[in-house]
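Here's a quick tour of a protein model, written for someone new to reading structures. Keep the picture open while you go through it.

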Amino acid sequence: MTDVRLSKKPRYQAKCYFDFRMPDGDMENSVESHTSHLVLCRKEHKCWNCGAGISKYDHALAEKGFLDGKPVNCWTCLDCVDDYMDMMNGEIDTDEMQARWEARYNANNRDDL
Ligand SMILES: [Zn+2]
């Protein structure tokens, strides 16, 4: 399916991921009662950001909340979260983060072309 390897271990301490909010574009701040934390996935998910397959027992950032009164949730792979974390910490700039996200997205979605 894809030869993109996902990181298996978070690069930051677990507490850094608590209530961590990924940028959600035009949904900005519209998700109510937002919570997030690092989870060990009990089933397979897909990273909403890059499309990478997140396997059972992989770590991922789980975000939950309500949108228009309906429960919503999404999972983000560690690599996307850690790129964002690097940017927040000033290790890379926004362009570099976007470049990494795009490269991963393209690698994960090229089979669908
Ligand atoms: Zn991802």
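Two strands count as paired if DSSP finds at least two bridges between them. Helices (H or I, at least four residues) and strands (E, at least two) are DSSP runs, numbered from the N terminus. Keep in mind that this is a predicted model: local features need pLDDT of at least 70, side-chain atom pairs count only at pLDDT 80 or more, and totals for chains, interfaces and linings use all residues. Residue numbers start from 1 along each chain as its sequence is written.

**The sheet**
- In β5, proline 71 is the bridge partner of phenylalanine 66.
- β4 and β5 pair up in the antiparallel sense, over 8 bridges.
- Zooming out, you get an open sheet of 3 strands in the order β1-β4-β5, with antiparallel pairing.
- β1 (32–40) and β5 (70–77) are its edge strands, each pairing on one side only.

**The helix on the sheet**
- α1 lies across β4 and β5, and runs at about 85 degrees to β5.
- For that angle, axes are lines fitted to C-alpha atoms, for helices over the stretch in contact, and angles run from 0 to 180 degrees between N-to-C directions.
- Being in contact takes C-beta atoms, placed from the backbone, within 7 Å.

**The core**
- A nonpolar core is a set of buried Ala, Val, Leu, Ile, Met, Phe, Trp, Tyr and Cys residues joined through C-beta atoms within 7 Å; buried means 20 or more other C-beta atoms within 10 Å of a residue's own.
- The largest one has 14 residues, and Cys47, Ala52, Ile54, Cys77, Cys80 and Val81 touch the most other members.
- β4 (59–67) and α1 (78–88) each supply at least two residues of this core, with α1 giving the most, 5 residues.

Methods:
Buried ≥ 20, exposed ≤ 12 C-beta atoms within 10 Å, placed from the backbone. Contact = placed C-beta atoms within 7 Å.
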